[in-house]
Amino acid sequence: MKNLIRHITLVIIVAAALLTPRWVLAQDSIVPAPTEESQAPAPEGKEKFDAKSFIFGHTGDSYCFHITEIKGEPVCVWLPVIVKCKDGGSWHCFSSKHVCELKEGETFNHKGANFYVAPINADKYPGKLVEVKADGSLSRPFDISFTKNAFGIFLVCAFLLAFFLPAAKKYKKDPMGQPTKYQGLIEWLTYMVLDGIIRPNVPEKKVKKFAPYLLTVFFFIFFANLFGLIPFFPFGANVTGNLSITIVLALLTYFFVNLFGNRHYWKDILWPDVPIFLKALPLMPIIELISTITKPFALMVRLFANILAGHIVIMVLMALIFIIGGMYGAGMGGVMSIVSIFMTIFMTALELLVAYIQAYVFTILSSLFIGMAQHEPEHKS
Amino acid sequence: MDLFLPESGLVIWMLIAFLIVFFILAKKGWPMIMGAVEKRNAHISDSLLAAEEANNALAGIEQKRQETMAAAQAEQIKIMKESQDLKNQLIEEAKTQARQEAEKIVSDARLKIEKEQAEAMANIKNEVIALSVDIAEKVLQRELSDKAAQTAYIEQLLKNNPTQIQA
């Protein structure tokens, strides 16, 4: 527990330190200026290394899956862009190739609507697809593009199905047969979660009911974390370090806790055992209701911040090579790259640990909250 | 801070993908794995219980066997002892019988010997008598001429010891 707190504190400090320059920058230019002004033009001849774009470009979401660059030409997997324009606009679906390859100031016209992707260091909608209206104003369309992270989600989901379903099929076909090594692995993984996380927290009678959700959540987070650490296509999407994903997981936990909560759980929230003036106002019920929301909220932020911070630290260590190289020349950059590689190896090893710990923590807290909502008091007062 | 704002599009994709995977795994995945493992656990513990029972039964059988063996051994010893006794008794009996027989034979023999001795004695006596009569006859024939002397001699003999002559 102490280590966990220390770890979280560290992560928060690192995240805060890294994010501060963004706030400062954002305050510098309050006016939502058009794109030309928001970007400092690159100096002639030598392109300046933009660490912020580099880091957030890699940790954030993206419309295309950037694999590598060959002779200055990006090699990408172009993912579909699906948007619906605001104010009764129409649906637009096109390849992200059209918007990702745009030069500065250009827009892509699709069925009468002009789109472009705002640069990562833009003030408004950074890194997002924006519609440029006829009068030059920007509007963010309703965007359900199949982005890099959506791709990452589907990859993890496909992996989960491909990993667990064959074992289940084998078990169904021959439940008493001698398990293969693969089944042994599945059993080990499943029972590690089931006996190590779920059983200690959820009442025994309810384990069958809640185990599928908790197991799915654990393995989803765990494999998403691991895939996020693999730096090449088709992995490397920062899935669990994205608030949109953790908010869904937290909401599902919230629903599982509160929809299946029993009478005693709701009684403790709405009419707790406190002096009557505390609940007649109703002070305590409000606090308790808020607490039901803060619990999954903490789950959401914890997972998101931990994974994002890990990715940012690794990207910062990588960016250091170019920053130092830009400041002191290629020689220092070379020296720095050696240091950076060792630091990155260390961080990646740490992130492997974090990948498991965060999946573990999310699942154990989810099962704890679910178990608490299922708790039957042993004596009635 | 777009970093801290959820993207509606990604939320929708996540919700769809995760719920599909959750429902598939909840229907076809986890229950099968957990069910099979639990079934096997139950089977193994049942088998262990059965094995223990069988072991106990076997131990009982073993004990019974040992008891039977011990009883049989005791019986064997008893029978052997009895037969030994019987043998000894038989030998003893046979010996006594033989001894009695021998004694009888010996006594019979003795009796016979005695009888034959007596017979022989009688024969010898008869022989002696006959011989003496012969001798006497011859003597008498020789001394017949002297009749007076003869008669006196016979009378004297008869007077002195009539039994001696008889025996």
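In what order do the elements of chain B run from the N terminus on? They run α-α-α, and chain B has 3 helices and 0 strands. Helices here are DSSP runs of H or I with at least four residues, strands are runs of E with at least two, and both are numbered from the N terminus.

Colleagues, a word on conventions. This is a predicted model, in which local features need pLDDT of at least 70 and side-chain atom pairs count only at pLDDT 80 or more, while totals for chains, interfaces and linings use all residues. Residues are numbered from 1 along each chain as its sequence is written, and chains are lettered from A and ligands numbered from 1 in the order in which they are written.

I turn to chain A. Chain A has 12 helices and 9 strands. An automatic or database domain assignment supplies the domain bounds: domain 1 covers 63-146 and domain 2 covers 149-373. The centres of these two domains of chain A, taken over C-alpha atoms, are separated by 31 Å.

Within chain A, 4 strands form an open, antiparallel sheet in the order β5-β6-β7-β8. Strands are taken to pair if DSSP finds at least two bridges between them. At the edges stand β5 (108-110) and β8 (138-139) of chain A, each with a single partner strand, so one side of each has no neighbour in the sheet. Strand β5 of chain A is joined by 3 bridges to β6 (residues 113-117), and the two run antiparallel. A:H110 stands opposite A:A113 in β6 of chain A. As background, strands of a sheet pair through backbone hydrogen bonds, either parallel or antiparallel.

Next, burial. A residue is buried if 20 or more other C-beta atoms, placed from the backbone, lie within 10 Å of its own; it is exposed if there are 12 or fewer, and partly exposed in between. Of the 381 residues of chain A, 34% count as buried. For chain B, the figure is 10% of 167 residues.

Finally, the interface. Contact requires C-beta atoms, placed from the backbone, to lie within 7 Å. On this basis, 30 residues of chain B are in contact with 39 residues of chain A. The chain B side comprises 21 nonpolar, 4 polar and 5 charged residues. Ala, Val, Leu, Ile, Met, Phe, Trp, Tyr, Cys and Pro count as nonpolar, Asp, Glu, Lys and Arg as charged, and the others, Gly among them, as polar.

One residue deserves a mention: B:E7, in the segment before α1 (8-142) of chain B. B:E7 counts as buried because it has 23 C-beta neighbours inside 10 Å. Setting aside neighbours within four places in sequence, B:E7 is in contact with A:D61 and A:S244.

Key. Two residues are in contact if their C-beta atoms, placed from the backbone, lie within 7 Å.
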